[in-house]
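Here is a short briefing on a structure.

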Amino acid sequence: MVRLENVGLRYGQGPEVLRDVSFALRRGDFRFLTGPSGAGKTSLLRLMFLALKPTRGLISLLGKDVATITRSDLPGLRRRIGVVFQEFRLLDHLTTYDNVALPLRVAGQREDNYRADVMELLSWVGLSEQATAYPPVLSGGEKQRAAIARAVITKPELLLADEPTGNVDPALGRRLLRLFMELNRMGTTVFIATHDTQLIDQARMPVLHLERGHIVEAA
Amino acid sequence: MNRHGPIIPPEAAPLKTLTVAMAIMCFLACLAIGALILINRAVDAWTGGLQSEVTVQIRQLSDARIEDEIAKAETLLKQTPGVVSTTVLDREAAAKLLEPWLGPIKELDELPIPRLIRVTINPAAPPSFDALNVALSKQVRGASLDTHQRWQTELTRMAGVLKYLSYAVLALIAISAIAIVIFATRTVLDANRDVVDVLHLVGARDGFIARQVQGRFLKTGLMAGCAGLLAGLMTFLLLGFSGSGPGSGGIAEASRSLLFAPVGISWRSYATLLAVPIVATLISVLTAKFTLMRMLHGEW
């Protein structure tokens, strides 16, 4: 599903933010990524959702070598990956409903076919009341839930999440973890970067630890 | 649940300025097209008149009676195949033709003013001008034939220059419009960089993103084209009904002829002018699409 071998990344002429990162995720894996702030977690995720190219090393994603991926392959690959951004990246001019439905709309699906699914998911993440609200009026936690709903609405093969429970209370954090585990049970490979040790303890899933751009241990 | 909102926020796109700039371009294009149509019509009218007419000039020679020479020339012309009719201009009429250069001539009798015979010919079967010239030289003293060839060449050359000038103006307007649309497209895309990034990350293809923006450029091009056309027609109308005295230079008559010519002639003018909003829309949409695809393609 995902394989990284000796991956390095630097921004421009700066120092390497990721060094010799190697690990693999098999289909149906559930893995956490931890490490202090600035360790390179977000950079690693950005490589994995094809927002960046590595400066060295090999990344194989959903059976494709990233180095050989052409521009026309990107949309198809990205539609198989769900991403929860740390800064949410919701579109402020679209309603919560429209934000969550965006990946389906982009994939050319008809609204009649997905309206019920989107509403059900919004209800699941506790946002059914906010379906017609715009992101600027949502709280941090609500934005985070909307971002999670957008990432999972297509039931992606690979889910990448950057601090998905950073802005929610422990009870809602547990509820969101259940959503991720449910998706995982349905076959989605889940990879979550987090500082939330409680979340990691509850899930009891393998953990990768990143320190100064390098994987130092796998627990 | 309401229908989907537009994926690219409408307020983030500065297309009002583009609409105004494009409308001005379309207005200028209408003026250039109007000028082109009038030049073409004027050239047709001039050359048509010149092709069906030649002039015989008879100079006053000291030892000849000019009236006798005019009579000989008239007789010769009437016998020449291809000549439809002849009109002899009297001394006063000939003097009138010289007025623009010499002013009012008081001592008409003292001046050796050449006399003119206007000869209407059949343009479909004109006489042999060389043979006629030779015959006139032999039989009529002081006679020469003017086929207006030099004037016709000069007029055609001048009209050609004006025509190419109009085409050049139209080409410059089109190039400027394309440059403005490219600039506006870049601005729209830059202003919505975050939206485009998110769209890419959720799997949007370049064509999908381009379509979200293109629709607005279609509307802009059409609106600007119609506004420019309307302003152009209003200008011709105002010029047509403005003063048509000697100082107007015939602009009023020309503008009126552009708008109110018989249907058989005017439909072409209107069709050409109606092409302005269509071309403006095409320029707007195609340039925006090409620019968007180029810009999006440059990203990973």
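This is a predicted model: local features need pLDDT of at least 70, side-chain atom pairs count only at pLDDT 80 or more; totals for chains, interfaces and linings use all residues.

- A nonpolar core is a set of buried Ala, Val, Leu, Ile, Met, Phe, Trp, Tyr and Cys residues joined through C-beta atoms within 7 Å; buried means 20 or more other C-beta atoms within 10 Å of the residue's own, with C-beta atoms placed from the backbone.

**Chain A overall**

- Chain A has seven helices and ten strands, taken as DSSP runs (helices H or I, at least four residues; strands E, at least two).
- Of its 219 residues, 45% are buried.

**Helices 3 and 4 of chain A**

- The axes of helix 3 (residues 96-106) and helix 4 (residues 111-124) of chain A come within 10 Å and cross at roughly 125 degrees; axes are lines fitted to C-alpha atoms over the stretch in contact, with angles from 0 to 180 degrees between N-to-C directions.
- Contacts (C-beta atoms within 7 Å) link A:Thr96, A:Tyr97, A:Val100, A:Ala101 and A:Leu104 of helix 3 to A:Tyr114, A:Val118, A:Leu121 and A:Leu122 of helix 4.

**Conventions**

- Residues are numbered from 1 along each chain as its sequence is written, and chains are lettered from A in the order in which they are written.
- Local features need pLDDT of at least 70 and side-chain atom pairs pLDDT 80 or more, while totals for chains, interfaces and linings use all residues.

Notes
A residue is buried if 20 or more other C-beta atoms lie within 10 Å of its own, exposed if 12 or fewer, and partly exposed in between; C-beta atoms are placed from the backbone. Two residues are in contact if their C-beta atoms, placed from the backbone, lie within 7 Å.
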